[in-house]
Amino acid sequence: MAVAMMTGAGARRVDHADAEGADETAFLPSRRLPVWLILAGNAVMIASFWLIGAGGMMAKLILLLFWLLVLLGFLSGVRFSPAILVGGLVLGALITLILLGDGIGSEKIRLIGNLVMVPVGLACGFVIGRDCLRILMPAMGLYLILSSSFYLTHEGARLNHAFLFLGFFALCSVCNRPWGRWMTMIAVIPVLISQTRIAVLAMLINGFGMLRLSRISAWLVMVIVGGMIAWASWQYLPRLLMIHDSGRLAFWQMFFDIWQGGSETQRWLGFGAGSVEGILSQSASFASFGALHNDHFRILFELGFVGAVLWLAGWGVLVWMVRGTWLSVCILASVFVTMVTDNSLNYGHYLMACAMAAGIAAREGRPRG
């Protein structure tokens, strides 16, 4: 994975090198998008969100192509750091492994598209800045307001779109407006009442990145807010405190046994893009379980040990490039964590929102703690 952490010709640079090895932080001149692009972008984003219900492939394609085109318009007069070149090589190697490996062509394209969401979103947030919010947030907010609803499970009522709300929370966390903090606090509520444990944990990691840990007041806020969330969960959101794996462990064990029993080539290079869904579709539990619910293990299974190493290396490069900005690190970490028990790699709009928020935070150059 790689993202273009780029600086313009007139950018002012400030060093934040310290004992922790923080990187140089680039303070870039403000980028203002033309009004016509903001209006057109909102229309495209609205169309993309509403196509999610049609299967998601076309929705993600529109989302990705739009931001790629916008990004290309801002690449003049920029330079690339060595870390970007390393990240580009890692991403290129992953894409090559997918294309040359086993699997259906459409599944290969889908997986590649999912993999580039985070690099593209991070680059847009860093290069363009806060004006990205004027395109993505209105469309996302409108979609969530109009399409959100509760659905009943054996564990009680839950709000849908947990990960879209989580992505919206990430965007709010970097919204430097008088109403930004209020929007961030409001965005906490739907994530909580979705009762999706991994989404709540990711939100807390993101929120942790918003704190200045060198201040006593930040620790007091963290303790008070954490206590309030814990109390509310105990009283009204019991599912958040339930400990069970929803059948995940059995499926993970099954796929691990298949991976171990595969040929040496399959263990090193994987079973191919789409192989997880192909195997699950033959299971009687597929209708209720749906997917593997572990993107890291999915990469290991479909792309083998080589793909897993490249995958982890890509995440390492991303974190390295934003390491001087605590909020950016926490946002990326929150996405990585959701992939442990869910299929976040398939949630293109969520990935784009979080990556864009991380890029904006890195652009602002707020140092750790």
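**Figure 1. The whole chain and its surface.** The accessible surface of this chain comes to about 16900 Å², and carbon and sulfur atoms account for 69% of that area. Keep in mind as you look around that this is a predicted model. The chain has 16 helices and 4 strands. Of its 369 residues, 51% are buried. Now consider the contacts in the chain with a separation of 6 or more: 76% of them join residues 24 or more positions apart.

**Figure 2. A nonpolar patch on the surface.** Which residues form the nonpolar patch here? They are W50, L142, I145 and L146, and together they have about 440 Å² of accessible area. Helix 5, which runs over residues 133–147, gives the most to this patch, with 3 residues. Take L142 as an example: this leucine lies in helix 5. L142 is partly exposed, because its relative accessible area of 37% falls between the 20% limit for buried and the 50% limit for exposed.

Figure 3. Let's begin with the length of helix 3, residues 82–100. Next, look for the buried residues of helix 3: A83, I84, G87, V90, L91, L94, L97 and I98. These residues cover an arc of only 150 degrees around the axis, which means that they sit on the same side of helix 3. What lies on the face turned away from the buried side of helix 3? There you can find the exposed residues P82, L85, L89 and L100.

**Figure 4. Q195, a loop residue with a positive phi.** Find Q195 in the loop between helix 7 (180–193) and helix 8 (197–209). Although Q195 is not a glycine, its phi is positive, at about 55 degrees. Is Q195 buried or exposed? With a relative accessible area of 5%, Q195 is buried.

**Figure 5. H293, in another loop.** H293 has its place in the loop between helix 13 (286–289) and helix 14. This residue is not a glycine, yet H293 has a positive phi of about 60 degrees. H293 is buried, because its relative accessible area of 14% is under the 20% limit.

Key: Residues are numbered from 1 along each chain as its sequence is written. This is a predicted model: local features need pLDDT of at least 70, side-chain atom pairs count only at pLDDT 80 or more; totals for chains, interfaces and linings use all residues. Side-chain values use heavy atoms; hydrogens and water are left out. Patches are made of residues with over 30% relative accessible area and no salt bridge: like charges are joined within 9 Å, nonpolar side chains (Val, Leu, Ile, Met, Phe, Trp, Tyr) within 5 Å. Accessible areas come from the Shrake-Rupley method with a 1.4 Å probe; for residues, only the protein chains shown count as cover. A salt bridge is a side-chain nitrogen of Lys or Arg within 4 Å of a carboxyl oxygen of Asp or Glu. Helices (H or I, at least four residues) and strands (E, at least two) are DSSP runs, numbered from the N terminus. Buried means under 20% relative accessible area, exposed over 50%, partly exposed in between (1.4 Å probe, protein chains only). The arc is that of the directions from the helix axis to the C-beta atoms. Contact means heavy atoms within 4.5 Å.
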